[in-house]
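Me: I have a structure open and want to find my way around it. Can we go through it together?

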Amino acid sequence: MNGHPRGWVLALAVAGTIAITSLAASSVNAIQTPAGLPQVKQGSGLRFGIYPGGGIGSVNDILAPRPEDPVKRLAALTALSSSSPFVIHLYSAYTGNGPTRSDLSWLDEEIAQYTDVGFAVELVARYRPEKGAAGPVAGFSNYVRNLVERYGGNPRFVSLQVTNEANLGGSGDSSDGAYGSAIPALVQAVIAGADEVRASDAKQLKIGFNWAYEASGKKRRRFWNRLAVAGGKDFAGAVDWVGLNSYPGTWTPLRKGVKPRRKSAGRTLVTHIRTLRNRLMPRARLGPGVPINVTENGWPTGPGRSKARQARVVRSMVSSVARARRRLNITDYRWFDLRDSRSSDSNFESRYGLTDDLYRPKPAFFVFRKQIARWSARPIELPDLKR
């Protein structure tokens, strides 16, 4: 698995690229930034984050990911987030065959490499039981309880997402809905996780689940109705937030009647959030007081998908969510993802990154960084990165 870096010095070159170097240092406080920077004041803004990896759960076969470079990865994340509150979005999976406590040592290291240097972490607990696994639904609840017990004492472990895209079938690599018992597993594990949080001192830890946008109204209603029947009041009372996975212009079409112009992706994304808020969450007794997190949102480069267009899409989607945050109670936004899996691959699924597979930034990297500065939940200091 990934290494466990303890500290690095970052040098930024602002003329279109980032020069990233590592030097021995005792902590992330060694990162150098210009002095005397103006403070960007922002009221109740968004908490931003990103999936830091390259490899993804894929619907189609793709080339093998380029190996990760923990030093460059950490430097790129630090440059991207500046001094704003920033959440690293990680994934784990329950297979129905454990894991024992020792089997989670790799996850201990992965979480620690980020929290030890000041990042917050949220974890997606995927439900992927292998064939023949005994009692997978109950086993998944125990897995989630174990995660809360294991990591809830870390004040930078802030969120646990129970299942991923339980409403979508077809691809077990990308969506937990491919497993037949995903809905009862989701419901029971959310309740179990919330019970464990209440019984512990992990008051910072919030439990939620996500829904992937799908165009079919019939399929939407069927999922949320099943969720309501399986969950009831206990489930509704256990949910701290609901997430949305949405990829306008990639896996879902742009909003009907919206031409593919500069702001169309953002308008489509807000339409998806509004659908979730007003039409779907109430079916499961989840009212306007339950926050929405944008848990996955991205737009890859590739053939016919330029880097310049990606940058415009980033600006459109982030700014649209930020402007709608108060009326729709949106608290968090995650981009998918930091770097390409394999930049030479003609398949766009390998090229969601804000950087290429060698961590060289695309124009969207700088745009996203500026959006974080503008809309972040707390005042931050940020140099002017001009493109």
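**Starting from a loop**

Me: Where is Leu46 placed?
Reply: Leu46 lies in the loop between strand 1 (39-40) and strand 2 (47-50). Keep in mind that this is a predicted model.

Me: Is Leu46 buried or exposed?
Reply: Leu46 counts as buried, because its relative accessible area is 0% and the cut-off for buried is under 20%.

Me: How many residues apart in sequence are Leu46 and Ile330?
Reply: They are 284 residues apart in sequence. In space, their C-alpha atoms are 7.5 Å apart.

Me: New topic. How many residues has the largest nonpolar core?
Reply: It has 93 residues. Phe140, Leu160 and Trp224 are among those with the most contacts inside it.

Me: And what is Phe140 in contact with?
Reply: Beyond its neighbours within four places in sequence, its contacts include Tyr94, Tyr127, Val162 and Ala189. There is also a second, separate core of six residues, with Tyr51 and Tyr352 among them.

Me: Now the helices. At what angle do helix 6 and helix 7 pack?
Reply: Helix 6 (residues 264-280) and helix 7 (residues 307-328) pack at about 35°. Their axes are 7 Å apart. The crossing is right-handed.

Me: Which residues make that contact?
Reply: Among them are Leu269, Val270 and Ile273 of helix 6, and Val313, Met317 and Val321 of helix 7. The contact residues divide into nine nonpolar, four polar and four charged.

Methods. Residues are numbered from 1 along each chain as its sequence is written. This is a predicted model: local features need pLDDT of at least 70, side-chain atom pairs count only at pLDDT 80 or more; totals for chains, interfaces and linings use all residues. Side-chain values use heavy atoms; hydrogens and water are left out. A nonpolar core is a set of buried Ala, Val, Leu, Ile, Met, Phe, Trp, Tyr and Cys residues joined through side-chain atoms within 4.5 Å. Buried means under 20% relative accessible area, exposed over 50%, partly exposed in between (1.4 Å probe, protein chains only). Contact means heavy atoms within 4.5 Å. Axes are lines fitted to C-alpha atoms, for helices over the stretch in contact, and angles run from 0 to 180 degrees between N-to-C directions. Helices (H or I, at least four residues) and strands (E, at least two) are DSSP runs, numbered from the N terminus. A crossing is left-handed if the near helix is turned anticlockwise from the far one by less than a right angle, and right-handed if clockwise. Ala, Val, Leu, Ile, Met, Phe, Trp, Tyr, Cys and Pro count as nonpolar, Asp, Glu, Lys and Arg as charged, and the others, Gly among them, as polar.
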